[in-house]
Amino acid sequence: MSFSDLTPEQMLYIKRLAHRLIQWRKSGSVDVDDLISAARTRWWKYCLRHPELADGVKGDEPSKDWVMIAFRQQVKYAMRDVLRDSSPVKVTRTYQAKIKAYETPYSVSLEHAINIRAGEEVADHDLWLDVISSIRQLSQRDQIILSLYAEQGYSFTEIAYALDLSVSTVSRAYQRTIELIKKNVEENRTSRKKT
């Protein structure tokens with residue numbers, strides 16, 4: 001039996017700890033067996049890095065206590081690493097910084113969000129102005145969602161990932177934005193017809 005083989009006491013500790021910590025997982029894709037496997041792998045790697053511990057186990061009792069402390073520490077940290085990394089979607093800091101930089105220009109002008117290129121003739125100039133006016137009345141978050149979807153071609157999932165929102169929140173915000181723009185344009189057309 002090698003030093004990296006687990007004793008019944010060590011296996012019992014791993015199983016108890018895995019069952020206790022599984023409640024902190026962030027994704028349903030991680031289960032108790034994943035935690036046990038991560039703990040066993042970490043302990044095996046630790047034993048490979050420290051072969052001198054095998055001699056200490058055969059010796060006196062204080063060495064055995066020290067080995068058990070090291071074992072518990074390695075097992076606990078291995079399980080915590082798995083739980084910490086179990087989030088299904090991670091937004092990196094650099095990606096968040098890019099989105100923050102992308103948000104800034106929208107306070108200046110939104111004309112680029114409308115797909116009208118220089119030199120193209122606008123079929124209905126009043127309609128175009130009504131749409132621009134409606135977009136300017138939206139909140140900054142709704143303007144960003146609209147621009148990322150309509151101008152950049154991002155999917156709702158990609159927008160949710162970028163803005164750290166749920167997909168359903170992005171979808172509802174987009175639908176609400178479109179309805180609001182349609183309503184504002186319709187009201188403006190109706191008021192122009194009356195005058």
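Visitor: In which helix is Ser 134 found?

Guide: Helices (H or I, at least four residues) and strands (E, at least two) are taken as DSSP runs and numbered from the N terminus; Ser 134 belongs to helix H6, residues 125-136. This is a predicted model, in which local features need pLDDT of at least 70 and side-chain atom pairs count only at pLDDT 80 or more, whereas totals for chains, interfaces and linings use all residues. Residues are numbered from 1 along each chain as its sequence is written, and side-chain values use heavy atoms, with hydrogens and water left out.

Visitor: Is Ser 134 buried or exposed, and which residues does Ser 134 touch?

Guide: A residue is buried under 20% relative accessible area, exposed over 50% and partly exposed in between, with a 1.4 Å probe and protein chains only. Ser 134, at a relative accessible area of 2%, is buried. Contact means heavy atoms within 4.5 Å, and once residues up to four places away in sequence are set aside, Ser 134 touches Ile 181, Asn 184 and Val 185.

Visitor: How many helices and strands does the protein have?

Guide: There are nine helices and zero strands, and buried residues account for 32% of the 195 residues. Of the contacts between residues at least 6 apart in sequence, 70% join residues at least 24 apart.

Visitor: How should I read the length and the faces of helix H1?

Guide: The expected span is 1.5 Å times one less than the number of residues; H1 (residues 8-21), with 14 residues, reaches 20 Å from its first C-alpha to its last, close to the 20 Å expected. Its buried residues are Gln 10, Met 11, Tyr 13, Ile 14, Leu 17, Ala 18 and Leu 21.

Visitor: Which residues touch the most other members of the largest nonpolar core?

Guide: In soluble globular proteins, nonpolar side chains tend to be buried together. A nonpolar core is a set of buried Ala, Val, Leu, Ile, Met, Phe, Trp, Tyr and Cys residues joined through side-chain atoms within 4.5 Å. The largest has 23 residues, of which Ile 14, Leu 35, Trp 43, Phe 71, Val 75 and Met 79 touch the most other members. H1, helix H2 (32-49) and helix H4 (61-84) are the elements that give two or more residues to this core. Apart from it lies another core, of 16 residues, including Leu 138, Leu 148, Leu 163 and Val 170.

Visitor: How many aromatic pairs are there, and how is one of them described?

Guide: Rings of Phe, Tyr and Trp (its six-membered ring) pair if their centres lie within 6.5 Å; planes under 30 degrees apart count as stacked, over 60 as edge-to-face and the rest as tilted. By this rule there are six aromatic pairs. One of them, Phe 156 with Tyr 174, is tilted, at 5.4 Å centre to centre and 55 degrees between the planes. Phe 156 lies in helix H8 (residues 156-163) and Tyr 174 in helix H9 (residues 167-194), so the pair ties together parts that are 18 residues apart in sequence. Both Phe 156 and Tyr 174 are buried. Elsewhere, ring pairs link Tyr 13, Trp 43, Tyr 46 and Phe 71 into a cluster.
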